[in-house]
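Subject: Structure handover

Hello,

Here is the structure I promised to pass on. Please open it first, then read my notes below.

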Amino acid sequence: MPLSEDEQRILQEIEQQFYANDPHLAGEMGNHSIYAHCLRQMKWAGAAFAAGVVVLVVALATATNFLVAFGAFVVMLAAALWFERSLRKMGRAGMEQLGRSLRTGGLRDYLGSTSERFKGRARRDTEADGTSPDA
């Protein structure tokens with residue numbers, strides 16, 4: 001059921017007040033999706049799976065104890081199940097939203113902003129130490 005004109009006007013006024021009172025929070029809320037938690041869990045599950053693969057390959061290549069290789073396999077299995085569970089929580093709508101944001105914003109933009117944040121932190125740390133960032 002669509003909102004009436006009065007309800008839309010009231011909602012726009014509330015939104016304008018929100019942006020006027022706390023623009024930083026409003027910007028943060030606009031940049032994050034409701035699926036960010038599931039996506040973060042999927043990243044951690046992927047990292048755990050990759051770590052399990054590395055341990056498994058090293059354990060088998062160096063002929064260490066069989067239990068180490070089996071433990072790595074169990075970690076990989078648990079990470080795959082964790083990834084699948086997070087993917088199910090995200091659902092089809094979350095995957096579509098993620099796909100749209102990656103197409104419009106681009107992965108390079110996401111990674112670029114992350115690298116800029118790290119560079120900014122490093123710059124602030126070196127300035128706080130009193131050293132030159134170029135040294």
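**What I found**

Phe-66 is exposed, at a relative accessible area of 63%. Exposed means over 50% relative accessible area, buried means under 20%, and partly exposed lies in between (1.4 Å probe, protein chains only).

Some ground rules. This is a predicted model, where local features need pLDDT of at least 70, side-chain atom pairs count only at pLDDT 80 or more, and totals for chains, interfaces and linings use all residues. Residues are numbered from 1 along each chain as its sequence is written, and side-chain values use heavy atoms, with hydrogens and water left out.

The structure holds two aromatic pairs. Phe-66 and Phe-70 form a stacked one, 6.4 Å centre to centre with 25° between the planes. For the terms: rings of Phe, Tyr and Trp (its six-membered ring) pair if their centres lie within 6.5 Å; planes under 30 degrees apart count as stacked, over 60 as edge-to-face and the rest as tilted. Phe-66 and Phe-70 are four residues apart in helix 4, so about one helical turn separates them. Phe-70 is partly exposed, with a relative accessible area of 45%.

Both residues also belong to a nonpolar surface patch, with Leu-67, Phe-73, Val-74, Leu-77 and Leu-81. Together the patch has about 740 Å² of accessible area. Areas come from the Shrake-Rupley method with a 1.4 Å probe, and for residues only the protein chains shown count as cover. Patches take residues with over 30% relative accessible area and no salt bridge; nonpolar side chains (Val, Leu, Ile, Met, Phe, Trp, Tyr) are joined within 5 Å, like charges within 9 Å. Leu-81 sits in helix 4. Leu-81 is exposed, at 52%.

**Salt bridges**

How many salt bridges does a search of the whole structure find? Two. The term means a side-chain nitrogen of Lys or Arg within 4 Å of a carboxyl oxygen of Asp or Glu.

- Arg-88 and Glu-84 meet at 2.1 Å, N to O. They lie four residues apart in helix 4 (residues 66–105), so they are about one helical turn apart. Arg-88 is exposed at 66%, while Glu-84 is partly exposed at 32%.
- Arg-9 pairs with Glu-13, the closest N and O atoms being 3.0 Å apart. They are four residues apart in helix 1 (residues 5–21), again about one helical turn. Arg-9 is partly exposed at 41%, and Glu-13 is partly exposed at 36%.

**Helix 3**

Helix 3 (residues 36–61) has 26 residues. From its first C-alpha to its last it reaches 37 Å, close to the 38 Å expected at 1.5 Å a residue. That expected span is 1.5 Å times one less than the number of residues. Buried residues in helix 3 include Cys-38, Met-42, Gly-52 and Leu-56. Just after helix 3, Ala-63 takes a positive phi of about 55°.

**The whole protein**

There are five helices and zero strands. Helices (H or I, at least four residues) and strands (E, at least two) are DSSP runs, numbered from the N terminus. Of the 135 residues, 15% count as buried. The accessible surface comes to about 11000 Å², of which 63% belongs to carbon and sulfur atoms. Among contacts (heavy atoms within 4.5 Å) between residues at least 6 apart in sequence, 61% join residues at least 24 apart.

Best wishes
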